[in-house]
Amino acid sequence: MLNLKTGLFLSAALFASSSFADTKAVELSALSNGTEAEATYMASCFACHSTGAAGAPKVGPGNADAWTARLEKGMDQVVTNAIAGINNMPPKGLCFTCNDDDIKQLVEYMVDSSK
Ligand code: HEC
């Protein structure tokens with residue numbers, strides 16, 4: 001049965017997931033395949049990183065802490081892990097058109113989107 005606390009939690013969760021789509025604060029730049037980081041993020045990374053599936057650090061406003069912890073090992077190492085894959089994170093997030101620079105831009109986009 002839904003009590004008040006559960007209801008509040010659910011509306012907070014719904015708010016958190018709907019607010020991400022409205023975020024336009026991030027500067028966009030084209031990747032090597034001609035698409036923008038946001039479009040490639042939506043196509044290749046969003047499925048896991050919007051929900052935190054399989055332990056993926058969540059992307060979107062309010063998720064800065066998840067990224068601060070990861071960035072403690074340095075941006076270069078985080079990008080290297082995204083390129084090579086780490087645990088349940090597949091190499092390059094299965095973006096077969098992405099080169100290493102593209103992955104770096106995508107990671108920067110994800111971190112910037114999570115402030
Ligand atoms: C199949 C699900 C999935 C997809 C698709 C995916 N990721 Fe991930 N990602 C994960 C998981 C799970 C982790 C956490 C891995 C861990 O540290 O255990 C992760 C971690 C990361 C990290 C943190 C690495 C670190 O060193 O802490 C970065 C950066 C990242 N992903 C970038 C991306 C990018 C960029 C894309 C799209 C090109 C992408 N991911 C697509 C599941 C995914």
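1. Helix 2, helix 4 (75-84) and helix 5 each contribute at least two residues to the shell around the ligand, where helices are DSSP runs of H or I with at least four residues, numbered from the N terminus. Helix 2 supplies the most, namely five residues.

2. This is a predicted model, in which local features need pLDDT of at least 70 and side-chain atom pairs count only at pLDDT 80 or more, while totals for chains, interfaces and linings use all residues. Residues are numbered from 1 along each chain as its sequence is written.

3. Of the 27 residues around the ligand, those that come nearest are Cys45, Cys48, Asn87, Met89 and Gly93, a residue being near if its C-beta atom, placed from the backbone, lies within 6 Å of the molecule.

4. Helix 2 (residues 37-49) deserves a separate look, as its 13 residues place the end C-alpha atoms only 14 Å apart, short of the 18 Å that a straight helix would reach at 1.5 Å a residue, the expected span being 1.5 Å times one less than the number of residues. Helix 2 also bends by about 55° at Ala43, the bend being the angle between axes fitted to the seven residues ending there and the seven starting there.

5. The buried residues of helix 2 are Ala37, Thr40, Tyr41, Ser44, Cys45, Cys48 and His49, with buried meaning that 20 or more other C-beta atoms, placed from the backbone, lie within 10 Å of a residue's own. These buried residues pack against helix 5 (100-113), contact being counted when C-beta atoms, placed from the backbone, lie within 7 Å.

Methods. Buried ≥ 20, exposed ≤ 12 C-beta atoms within 10 Å, placed from the backbone. Contact = placed C-beta atoms within 7 Å.
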